[in-house]
Amino acid sequence: MPEKKQFEMSRLAFEDTPWYDDLQAENDIVIINGMLVDALKCKGEFEIPDGVDIICSYAFGDFEKGSMVTSIKGAEKIKIFRDCAFVNCKELKEFTIPDTLEVIPYRMFSSCESLEKVVISESVKQIESGAFSWCDSLKELVIPKNVEYFGGLTDSNQGCSTTVIFENPNCFIDGGSINFPSFPYSAVLKGYADSTAYRIARAMELKFEEIYLEGDANADGELSVADLVTITKWLKSDYTYEEKLKSSKAADIDENGSIDVFDLIALRKMLLEN
Ligand SMILES: [Ca+2]
Ligand SMILES: [Ca+2]
């Protein structure tokens, strides 16, 4: 057997060979050299056995059949999740991405049609395309501030109305192409004013909803002296494009419908208190 770290293995490569059929007939779970290869027969609450540190592609299902696992425990023990690790795990309801993971791989949860809740840890920087495609029960997906790349809900059911909330105004969002858009037309994007989420939503004609932090006039997701400068310059009509007031909702701190010196005073107070 080759050294496991360099060897990528998938159930699909061995199925229907006598060796694999025997292995599958004798075991509910197939684990080879620390790699979880096959959990297709599992149901209900599933705990990843000790000693497993890789979840192989299609271990829980493929595009024809899937396991009936409803929850998965022990994900924090896993060093590598391969592409498509949980494809068609159709009874899986929720999942917390462990804080050991930096990249959510390609199609990791594709076709998990019962998946309602996913918590993405702060360690995640990259979410590959289709990681949550065809997750029709996923009503809301929060993409945390540390995520720098989101590959989209690629080729999902067009009626899928997931709301994707981007907490990083500069997250690179892959919009796909005209023929292969990376979001269904019924998806809703939420993000800061003038953020990448806003620009993608506008380009793809998707519904966009602004999120904002009170006082965050430059819409970078943080409250700082830069916001004070933004409002001051805006009041004097003396700003460059970069310094422009981006979120009038955030700048109108006393919510009286206009931005004036009283908002500036309120913002200064907020900054001093922080
Ligand atoms: Ca700010
Ligand atoms: Ca005001």
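Two residues are in contact here if their C-beta atoms, placed from the backbone, lie within 7 Å.

**Figure 1. The whole chain in a predicted model.** Welcome to this structure, which is a predicted model. By the contact rule above, residues 24 or more positions apart account for 45% of the contacts with a separation of 6 or more in the protein chain. The C-alpha trace spans about 80 × 40 × 30 Å along its principal axes. Of the 274 residues, 40% are buried.

Figure 2. The protein chain is divided into three parts: domain 1 (1-85), domain 2 (93-211) and domain 3 (225-273).

**Figure 3. An open sheet of parallel strands.** Follow the strands across this sheet and you will meet them in the order β11-β13-β15-β16; these 4 strands pair in parallel. The edges belong to β11 (140-143) and β16 (207-210), each of which has a single partner strand, so one side of each is left without a neighbour in the sheet. On average, neighbouring strands of the sheet are turned by 20° against each other, direction ignored.

**Figure 4. Strands β15 and β16, with a helix on the sheet.** Strand β15 (residues 188-191) runs parallel to β16 and is joined to it by 4 bridges. To find your place, look for L189, which stands opposite F208 in β16. Helix α3 (residues 196-204) packs on the sheet, where it touches β13 (163-166), β15 and β16. The direction of α3 makes about 150° with that of β15.

**Figure 5. Inside the largest nonpolar core.** This core holds 72 residues, and those that touch the most other members are L36, A59, F86 and I143. Several elements each supply at least two residues of the core, among them β2 (35-38), β4 (54-55), α4 (225-235) and α5 (248-251). Helix α3 gives the most to this core, with 5 residues.

**Figure 6. I143 and its contacts.** Let us zoom in on I143, one of the core residues that touch the most other members. Which residues is I143 in contact with, leaving aside its neighbours within four places in sequence? The partners are I120, I127, F150, V164, I165, F166, E167 and C171.

**Figure 7. Two loop residues with a positive phi.** Most residues other than glycine have a negative phi. S111 is not a glycine, yet it has a positive phi of about 65°. You can find S111 in the loop between β8 (103-104) and β9 (117-119). Is S111 buried or exposed? A residue counts as buried if 20 or more other C-beta atoms lie within 10 Å of its own; S111 has 23 such atoms within 10 Å, so it is buried. D155, also not a glycine, has a positive phi of about 45°. The place to look for D155 is the loop between β12 (149-150) and β13. D155 has 17 C-beta neighbours inside 10 Å and therefore counts as partly exposed.

Key: Residues are numbered from 1 along each chain as its sequence is written. Chains are lettered from A and ligands numbered from 1 in the order in which they are written. This is a predicted model: local features need pLDDT of at least 70, side-chain atom pairs count only at pLDDT 80 or more; totals for chains, interfaces and linings use all residues. Two strands pair if DSSP finds at least two bridges between them. Axes are lines fitted to C-alpha atoms, for helices over the stretch in contact, and angles run from 0 to 180 degrees between N-to-C directions. Domain bounds come from an automatic or database domain assignment. A residue is buried if 20 or more other C-beta atoms lie within 10 Å of its own, exposed if 12 or fewer, and partly exposed in between; C-beta atoms are placed from the backbone. A nonpolar core is a set of buried Ala, Val, Leu, Ile, Met, Phe, Trp, Tyr and Cys residues joined through C-beta atoms within 7 Å.
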